[in-house]
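Subject: A structure for you to look at

Hi there,

Here is the structure I promised to pass on. Have a look at it first, and then read on for what turned up.

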Amino acid sequence: MGYYTRQQCRKRSEATEQETVIQWCKRHEKECTELKLMHHIPNGGSRNALEAANLKRQGIKAGVSDLCLPAPKNGYHGLYIEMKHGKNKTTEKQEEWLEALRGQGYYTAVRYGAEEAERVISRYLAGDGEMKKVIGRDDK
């Protein structure tokens, strides 16, 4: 019997898929330094009333996408990815944010699972030619 990572033992969810994407980015950031800029925007999740009120005063906004890569490529200012899992759909607020971001010159995507997100990141960064070669992904 093989060994399993903690993540492999956990039930797959939007959170575990997103963790996989972040780990993938970390594995490839030496070959593509833009990946060092990939980050999660922690807008979702359950919080107690006091913490939620504090975060709202600090500027948290419903609907903001999960992942952001602030690296301009191919005429876009950066990339935002809304992660989904299973039968989850985007909310009205998420759709509003995605549309507003597109209107400001960002590339946006909704992706179901880590592999889909990794493909869109590779395709987005392919403008430099190196990423596609290093990671070996294409959109087939």
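Let's start with a pair of charged residues: the side chains of Glu 34 and Lys 73 form a salt bridge, with 2.9 Å from N to O. This pair connects distant parts of the chain, as the two residues are 39 apart. Glu 34 lies in the loop between helix H2 (14–28) and strand E1 (39–40), while Lys 73 lies in the loop between strand E2 (67–69) and strand E3 (79–84). Are these two buried or exposed? Both Glu 34 and Lys 73 are buried. Please keep in mind throughout that this is a predicted model.

If salt bridges are new to you, here is the general idea. Side chains of opposite charge can pair when their charged atoms come close.

How many salt bridges are there by this rule? The count is three. Another of them joins the side chains of Arg 12 and Glu 17, again with an N to O distance of 2.9 Å. What about the surroundings of these two partners? Arg 12 has a relative accessibility of 53%, so it counts as exposed, the cut-off being over 50%. Glu 17 has a relative accessible area of 7%, so it counts as buried, the cut-off being under 20%. There is also a salt bridge between Lys 84 and Glu 82, whose closest N and O atoms are 3.5 Å apart. Lys 84 and Glu 82 are both buried.

Now for the whole chain. The protein contains six helices and four strands. Starting at the N terminus, you can follow the elements in the order α-α-β-α-β-β-α-β-α-α. Of the 140 residues in the protein, 34% are buried. The protein exposes about 9,100 Å², and 50% of this comes from carbon and sulfur atoms. Taking the contacts between residues at least 6 apart in sequence, 64% join residues at least 24 apart.

Next, a spot on the surface. Which residues gather in a patch of negative charge there? They are Glu 92, Glu 95, Glu 96 and Glu 99. Glu 96 belongs to helix H4, which covers residues 92–103. With a relative accessibility of 42%, Glu 96 counts as partly exposed.

The phi angle of Asn 74 is near 50°, a positive value in a residue that is not glycine. Why point this out? Most residues other than glycine have a negative phi. Asn 74 has a relative accessible area of 52%, so it is exposed, given the cut-off of over 50%.

Last, have a look at Leu 55 in helix H3, which spans residues 49–57. Leu 55 has a relative accessible area of 21%, which makes it partly exposed. Leaving aside residues up to four places away in sequence, Leu 55 touches Arg 47 and Ile 60. Between Leu 55 and Asn 43 there are 9.0 Å from C-alpha to C-alpha, and the two are twelve residues apart in sequence.

Enjoy exploring, and write back with any questions!

Best wishes

Terms used
Residues numbered from 1 in each chain as written. Predicted model: local features only at pLDDT ≥ 70, side-chain atom pairs only at ≥ 80, totals over all residues. Heavy atoms only, no water. Buried < 20%, exposed > 50% of the residue type's maximum accessible area, 1.4 Å probe, protein only. Contact = heavy atoms within 4.5 Å. Areas by Shrake-Rupley, 256 points an atom, 1.4 Å probe, with all protein chains shown as cover. Salt bridge = Lys/Arg side-chain N within 4 Å of Asp/Glu carboxyl O. Patch = residues over 30% accessible without salt bridge, like charges linked within 9 Å, V, L, I, M, F, W, Y side chains within 5 Å. Lys, Arg positive; Asp, Glu negative; His and termini not counted. Charge placed at Lys NZ, Arg CZ, Asp CG, Glu CD.
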